[in-house]
Structure formats: structure tokens, C-alpha cells
Amino acid sequence: MAKVQNRSTKNDPVLEALPLACADEAAAVAFMELQRWGEHPACPRCGSLNVYQMRDSKTGERQADHRWRCREKHPSQQFTVRTGTVFEDSRVELRHWCFAFWRASTSKKGVSALELHRQTGLSYKTCLFMLHRIRFAMADSASGMLSGDVEVDETYVGGKPRHKGVSKRGRGTKKQCVFAMVERGGKVKTRPVANVTAKTLKQVIRENVHPSSALYTDENSAYTGIGSEFEGGHQTTCHSKREYVRGDVHSNTIEGFFSIVKRGINGIYHAVSKEHLHRYMSEYEFRYNNRELDDGDRTAAAIKASEGKRLMYREPRQQA
Ligand SMILES: [Zn+2]
């Protein structure tokens, strides 16, 4: 019988390099530099390729802090692979960042801070901080407007698990609303919404779906009338009559995305607070929008996306 080769690791330089990069700091630095700059390291401040590695003048060894210097004349000519990324002001070793990026990019349902804490030995708070930064790097993975056949739907996630026999769900519970739009065969976008009124949902659709598209939704009355704004019109399925598919009229694509989100948020993250929900959604969007990539390339894409993101909040200080 022919030996089955694991497609995801064969001939994948990123996946081959990751185990060492997660164990050894010098390897981690070299790995991150390669993902960020390829063969041509560039100054993060001016973009110049006229840069060099700083080395110990006696031993010729690379400096312990892995600095580079730019030959262009501007203030602060020294930089590292961290400069201008979401991990710039972090004191956490890069090998742990490599590991966190790897896990967050490749776990279908997501990776929790608790799990990362157990696997790295870093504090829970530090792991939570790292994962939020990675989610921030993953944000906005679908640029431009969605077009073609676009399915739109809202769902509710998180909150306490439902008790046996109690079927309260959706509006009026502690669950959070996730509003999503997905192009069939293309990308997904989610947006946090303050409410699910027709005014709010239609506005979000207008901002994210090209007018040439055809819209597919369920029969929620909030969507009524929106078809006149789209060349492809608006088709609905009537879930209350147990109707889920009528030819092309279905929301199977968005249901598929929501089922991954729900299994992840309910199974891995449990309770997700309102102010953090959009961060978790960035992570699900990123993995979905890069689903065609293999695990190594998806990890590399996340690291690459960590460049040039404005830093929003600080690493916790005192927790060990
Ligand atoms: Zn420079």
C-alpha cells in the first residue's frame, strides 16, 4: 500500500521551519525576518534596502538583541524585525510569538489563552494579550466590496449554554449578535452591529456589498425592500416553513461559516464579551478568507499582516 504523505507538511518551508523557530530565539528571529522581508530586509522607517545587521566588533557575532541599522540619514536608524509590527513593544520572546501565530492561523476553531498559557508557560494575561494582538493583525482580511452572489445573515453567539428543554435564543438573551456577509466562492466580512433594525443592517450591507450583486437572505423583515438597490435583486428562503434550499436560493455558505464560529466561540472561548467580539470575528474571518492557503502559508500571511498595524493597547506589566 502506498504511503500517504501528509500534504500539509511536505515541501512547505514555513511548516518545516516553525518547530525550531518555536524553540530557539535566534531561529525565531531569522524566521520572522524571512517572513517579513524575504531576501531583502528593509528599513521599517524609510523603506531603504541599504541596511545591515549589527554585529559584535570583537567576535563578529550577531548582537544579542538582533538589531539592524539603516544607512539612510534619519533619526533612530536602528531597528529589529519587531519594529512597526503588533509585537513591537512586547517583551515576550519571538519564539512564543511564532508559536502563537502558528496556532492561531491553523486551529480551525481557534486557540484559547488558557491553552497557550499551558503550552508556553507564559502568564494567562500575557497570552490573552498576544492573541488579541494577533487578532488585530488578522483584521480586515477582506478588502474591497463583496460582489456576485452574496449571502447575508445574522446569528447569535456566546452567553450561557442553553439548559435542557429551554430553547431561548437570539434577541433578548445574553448572546451577542454577529452580522456577516459572504460572497459565494469568495470572502466573508463580519461587522459588529448595535441592533438588528432594518436601518442598521441595510446600511452595513450598502457599505460592504457592491450594487451589481445578487443578495440572498432569510425572510427577516429587516431585509425587506433592499432588493431594489441591487442589480441581482434579493431572494429569500423561508426558514419558518422549513425551506432551506430552493435551487440557488439558499444560505448554505453563510451557515457553514457561522457553524465554525459557533463551534469555536461556544467550545473554545465560551463567553466572549461585547467589546471583544469583533476581535474574535477577525480571527474567524482571516482563517476563512485564507482557507485556500496551506497551514504554512496562512501562518506566514498572518505574520505579514502584523506589519503596519497601529498599536491599540498595552501589554500587561506586573503579572508573572
Ligand atoms: Zn531607514
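The chain has a mean pLDDT (the predictor's confidence in each residue, from 0 to 100) of 87, and 86% of its residues score at least 70. This is a predicted model, in which local features need pLDDT of at least 70 and side-chain atom pairs count only at pLDDT 80 or more, while totals for chains, interfaces and linings use all residues. Residues are numbered from 1 along each chain as its sequence is written, and side-chain values use heavy atoms, without hydrogens and water.

**Confidence**
- Confidence in the chain is highest in helix H3 (residues 94-106), at a mean of 97, and lowest in strand S9 (residues 245-246), at 66; helices (H or I, at least four residues) and strands (E, at least two) are DSSP runs numbered from the N terminus.
- Residues 1-5 have pLDDT below 50, and this stretch has one contact (heavy atoms within 4.5 Å) beyond near neighbours in sequence.

**Helices H5 and H8**
- Helix H5 (residues 124-138) packs with helix H8 (residues 277-289) at an angle of about 55 degrees, their axes lying 8 Å apart.
- H5 is therefore oblique to H8; angles under 35 degrees count as roughly parallel, over 145 as roughly antiparallel, 65 to 115 as roughly perpendicular and the rest as oblique.
- Leu128, His132, Arg135 and Met138 of H5 meet Arg279, Tyr280, Ser282, Glu283 and Phe286 of H8.
- The residues of this contact comprise four nonpolar, two polar and three charged; Ala, Val, Leu, Ile, Met, Phe, Trp, Tyr, Cys and Pro count as nonpolar, Asp, Glu, Lys and Arg as charged, and the others, Gly among them, as polar.

Definitions and conventions:
Axes fitted to C-alpha atoms, helices over the stretch in contact; angles between N-to-C directions.
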